[in-house]
Amino acid sequence: MPCPSETTKTAFLARILKQYGIVIALVLICIALSFFSPHFMTFGNLITVARQISLNGILAVGVTFVLLTGGVDLSLGSLVALTGVVAAGFAHPGDYPLFVPVIAGILAGLACGMVNGVVITQGKIAPFIVTLGMMTVARGLALVISGGKPVSNMSPAMTRLGGDLLGLPIPVLVLCGTAAVSWLFLKNVRLGRYIYAVGGNENAARAAGINVNAVKLFAYTICGAMAGLAGVILAARITTGQPNAGIAYELDAIAAVVIGGTSLSGGVGGVGGTLLGALLMGVINNGLDLLNVSSYYQQIVKGAIIVGAVLLDRKNAK
Amino acid sequence: MTTQRWKYCAGILALMLAFVIAGCKRETTSNVRPETGGAKKLTIGVSLMNLSSEFIVLINKAMEERAKELDVKLIANDAQRSADKQVQQIENFIAQKVDAIILNPCEVEASSPAVDKAIAAGIPVINVNSVTKSVPTAFAGSRDEESGKIAMEYIVKRLAGTGNVLIMQGYMGQAAQIKRDKGADEILAGNSGIKVLAHQTAEWDRAKAMSLMENWIQTFGAKINAVYAHNDEMAMGAVIALENAKLKDKIVVVGVDAIADALQAVKAGRLDATVFQDAAGQGRTAVELAVKVAKKEPFEKETFIPFQLVTKENITQFIK
């Protein structure tokens, strides 16, 4: 029979693991990587990792809103392409001041997200189908607008958005900004808490007088707007609007959210976990390149580590 | 569903449809022209690998222009990278009894049934740009190994025979990736002074190439002397990452394809070189071959359009 102090100790350990399982996985991977590659734990490389996760991070923060309501958004990757092409179209040198392409890109994403939300709530169609439709429509629109070719010739002001500000990459600053605002919003604003309520139990939320459709519409619209922001950042980073960009980005974003502990059925989770999930995926990507792991094996290792990390998290969460 | 909700959905659907129709309209008018003249106009069915790729769009444009000049009708379909869809499109062409088929194969093996079926139905097939395992009636394209050779030869020359190279590969297993590697390997075999630090795929994609280059800069830093990318999109991604790290001046970057963006970069001195693959030449030749075969005139079984190295010295030939 274990002595009482020991049981409290294991309970304490279990609680720690439950709360920080993903952090522990991340730390373990980082320790392993710094052991295998002398280049991993350098300031330059950590900035590189931050820069590389910024895009997936912004998308993941946006889709956190949707997943929390119990929905899903498969159109993110196509929205990134569409909004990038739209922004690039307004960003030729000497055409408009910088805010025009940025706002145009975000508005394009917001509009598509709003269409998703309206069709899902008013048409009573499964989000999977509606956003799958939007995925195809948005990709087609991107190809129509760009004529199948990358939209290049961007103003220096626009491409600077993909660069650095005071030694920190602007995409990283944007990610930090959107994550902070989203975190505060979900924690402290009534509408933010309604999102959890709707995802937790839709009928109970409706009985409590919450306008469920409005909350859902809001979540999809915010998700679309953030995809627009990500599209603008990607276009700035690669200095063109690519109609083929962003293929399968939605899967990476959703994976980051789920790794971060948000439930696919809604109601549980949050932005903090999402950031950790995106960070974990970014570190794996970066590490495998640093170690020069063959392209074939990279895919196997990546998949195994992602599932392993979630397994560690869930096993201890019981 | 209440009527109001119906109106909502109908409105949105109509909007989406309007977009799609607006997009399609241009294509249909260019494909379907009124029949003129007494003789029956030749009809050629075209199945393209992927109309979201800039290079294939250029081939398609050249084919349309040449078809207009030769007064033949083109029916162009986009297989969207699916060999399965491509085979279905060829079956449709056979049912429509077209006079010839131009096939831009998605895959070496999986697109072969398309060739077999057309030949069995007595319709000539002209492969353009890429090859299939089954032998078509005629072929118009370029030898992809040649582009890898030209790119690596340029790197060897610029590094005067000694230095470290990174290789950014295309989508693993595709014909272009395998052949562009093979051509480069042939040159590397004869130049022991050139060392390959690493090779990794960036899947033809600019954003992926940028991330890969950033990671390589962290690992190899000042050891890097040159980067060979299997296409220009990836080369441009590498250039941007190197520029951000303020390393571009010391590192030679070469791509393949000569897309518009890369040509501008060569002109501006940002990209060192690219290898020009003549999309227009391939497209025009394919249409000419199809017409010759359909009219039972003599034709060349294989036409290879040469690659050309593009550097700052000869860039004016390539920018219109």
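Axes are lines fitted to C-alpha atoms, for helices over the stretch in contact, and angles run from 0 to 180 degrees between N-to-C directions. Helices (H or I, at least four residues) and strands (E, at least two) are DSSP runs, numbered from the N terminus. The model is predicted, so that local features need pLDDT of at least 70 and side-chain atom pairs count only at pLDDT 80 or more, whereas totals for chains, interfaces and linings use all residues. Residues are numbered from 1 along each chain as its sequence is written, chains are lettered from A and ligands numbered from 1 in the order in which they are written, and side-chain values use heavy atoms, with hydrogens and water left out.

Helices α7 (residues 170-188) and α8 (residues 190-200) of chain A pack with their axes 5 Å apart, at an angle of about 75 degrees. α7(A) is therefore roughly perpendicular to α8(A), the class for angles of 65 to 115 degrees (under 35 is roughly parallel, over 145 roughly antiparallel, and the rest oblique). From α7(A), A:Phe185, A:Leu186, A:Lys187 and A:Asn188 meet residues of α8(A), including A:Arg190, A:Leu191 and A:Tyr196. This contact has five nonpolar, two polar and three charged residues. Here Ala, Val, Leu, Ile, Met, Phe, Trp, Tyr, Cys and Pro count as nonpolar, Asp, Glu, Lys and Arg as charged, and the others, Gly among them, as polar.

Attention now turns to the two chains together. In chain B, 33 residues are in contact (heavy atoms within 4.5 Å) with 42 residues of chain A. Between them the chains bury about 3,200 Å², 54% of it on carbon and sulfur atoms; buried area is the accessible area (1.4 Å probe) that two parts lose on being put together, summed over both. On the chain B side, B:Gln200, B:Asn215 and B:Gln218 lose the most area to chain A, together 18% of what that side buries.

Between chain B and chain A, 16 residue pairs are in polar contact, both residues being at pLDDT 80 or more. A polar contact is a pair of N or O atoms within 3.5 Å; within protein, one must be able to donate a hydrogen and the other to accept it, and residues adjacent in sequence count only if both atoms are side-chain atoms. α7(B) gives the largest share of the chain B side that touches chain A, nine residues. By class, that side has 14 nonpolar, 11 polar and eight charged residues.

Because A:Asp164 lies in strand β1 (residues 164-165) and A:Arg51 in helix α2 (residues 43-68) of chain A, the pair ties together parts that are 113 residues apart in sequence.
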